[in-house]
Amino acid sequence: MVKIGRNDPCWCGSGKKYKKCHEQFDEKISYIKSQGHIVPTRDIIKTPEQIQGIKESCKINIAVLDYVAQNIREGMTTQEIDDLVASKTAELGGIPAPLNYQGYPKTVCTSINDVVCHGIPSDKVILKDGDIVNVDCSTIYNDYFSDSSRMFCIGNVSEEKRRLVDIVKECVEIGLEKVVPWGFLGDMGQAVNEHAMKNGYSVVREIGGHGVGLEFHEDPWVSYVSKQGEEMLMVPGMIFTIEPMVNMGTEKVYCDKKDGWTIYTADKKPSAQWEIMVLVTEDGHEVLAY
Ligand code: MF3
Ligand code: CO
């Protein structure tokens with residue numbers, strides 16, 4: 001890390017002198033690092049201006065998912081969901097982040113029943129009575145990224161599947177309560193995991209959440225099978241997703257070899273996921289996208 005003079009302008013862009021701004025903050029982080037913890041680098045911590053820009057992006061992201069919520073229905077193809085997301089994002093001046101991301105062919109991910117995540121919309125896949133579907137929407141606006149996903153229950157969903165959907169939402173909310181400055185990502189991860197396990201479910205290990213805002217996927221990688229007091233220190237200005245994938249049966253998953261994207265549960269039992277974006281603040285957290 002570059003050494004800044006105490007009277008130099010602070011690295012955060014506030015215009016204040018370093019000694020009156022982030023000097024003590026940096027010292028506290030250095031101390032925690034010396035105790036053996038993983039700590040965020042400066043590029044992970046967003047400036048007030050960046051946070052403002054990311055919030056604007058989130059507004060579009062939320063509006064697009066609200067639009068999906070109003071229009072999603074039985075008999076619709078997942079391609080039609082893709083079309084809804086594409087048209088609403090464009091109308092609001094945004095760009096869909098998934099399209100062409102590492103070769104991803106569509107605008108949104110639509111993951112039904114035993115599809116854990118990264119389901120590719122298709123005009124051959126029709127939403128049926130009793131399906132549970134995750135719609136994962138990611139948006140770019142003025143170069144700022146936002147990312148959130150919701151579950152939708154189509155028609156008459158079994159009690160068993162509805163419970164999975166509800167419990168995963170609770171997992172996210174219980175994890176969120178652990179998001180406070182000077183806590184650790186593992187505090188959140190353990191809370192998510194315990195709630196899932198307590199309800200007889202398993203949490204996917206290989207795929208996690210991520211920092212987000214200036215890029216689609218930034219450090220840190222966020223696990224939901226982590227332990228209290230472990231993983232990265234949370235400090236004000238960090239933005240990341242809480243997006244556990246929770247399975248009714250085995251935690252084991254595999255990737256479709258043909259399309260290279262779709263992740264399925266190994267036992268064909270259902271999986272559910274909700275994704276929110278959270279900012280760590282001076283006194284707790286703020287949800288930016290839900
Ligand atoms: N939206 C996913 C996430 O929550 C990432 C999807 S990558 C894509 O991180 F290419 F499939 F869009
Ligand atoms: Co995400």
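Predicted model: local features only at pLDDT ≥ 70, side-chain atom pairs only at ≥ 80, totals over all residues.
Strands (E, at least two residues) are DSSP runs numbered from the N terminus. Local features need pLDDT of at least 70, side-chain atom pairs count only at pLDDT 80 or more, and totals for chains, interfaces and linings use all residues. Residues are numbered from 1 along each chain as its sequence is written, and side-chain values use heavy atoms, without hydrogens and water.

Ser271 has 2% relative accessibility and therefore counts as buried (under 20% relative accessible area, 1.4 Å probe, protein chains only). Its side chain makes a polar contact of 2.7 Å with that of Asn247. Such a contact is a pair of N or O atoms within 3.5 Å; within protein, one must be able to donate a hydrogen and the other to accept it. Beyond four places in sequence, residues in contact with Ser271 (heavy atoms within 4.5 Å) include Ile132, Met151 and Asn247.

Strand E4 (residues 132-141) pairs with E5 in the antiparallel sense over 10 bridges. Pairing requires at least two DSSP bridges. Val133 has Phe152 of E5 as its bridge partner. Two residues separate the strands of this hairpin, where Asn142 takes a positive phi near 50°. In E5 (residues 144-153), nine of the 10 residues are buried, so the strand is largely enclosed by the rest of the structure.

Around ligand 1 there are 14 residues, each with a heavy atom within 4 Å. Asp136, His210, His217, Glu243 and Glu275 come nearest. Polar side-chain atoms lie 3.0 Å from a ligand 1 oxygen atom for His210 and 2.9 Å for Glu275. For Glu243, a side-chain N or O atom is 2.8 Å from an oxygen atom of ligand 1. The protein covers 95% of the 330 Å² of accessible area that ligand 1 has on its own (Shrake-Rupley method, 1.4 Å probe).

Terms used:
Chains lettered and ligands numbered in written order. Buried < 20%, exposed > 50% of the residue type's maximum accessible area, 1.4 Å probe, protein only. Helix = DSSP H or I, 4+ residues; strand = E, 2+ residues; numbered from the N terminus.
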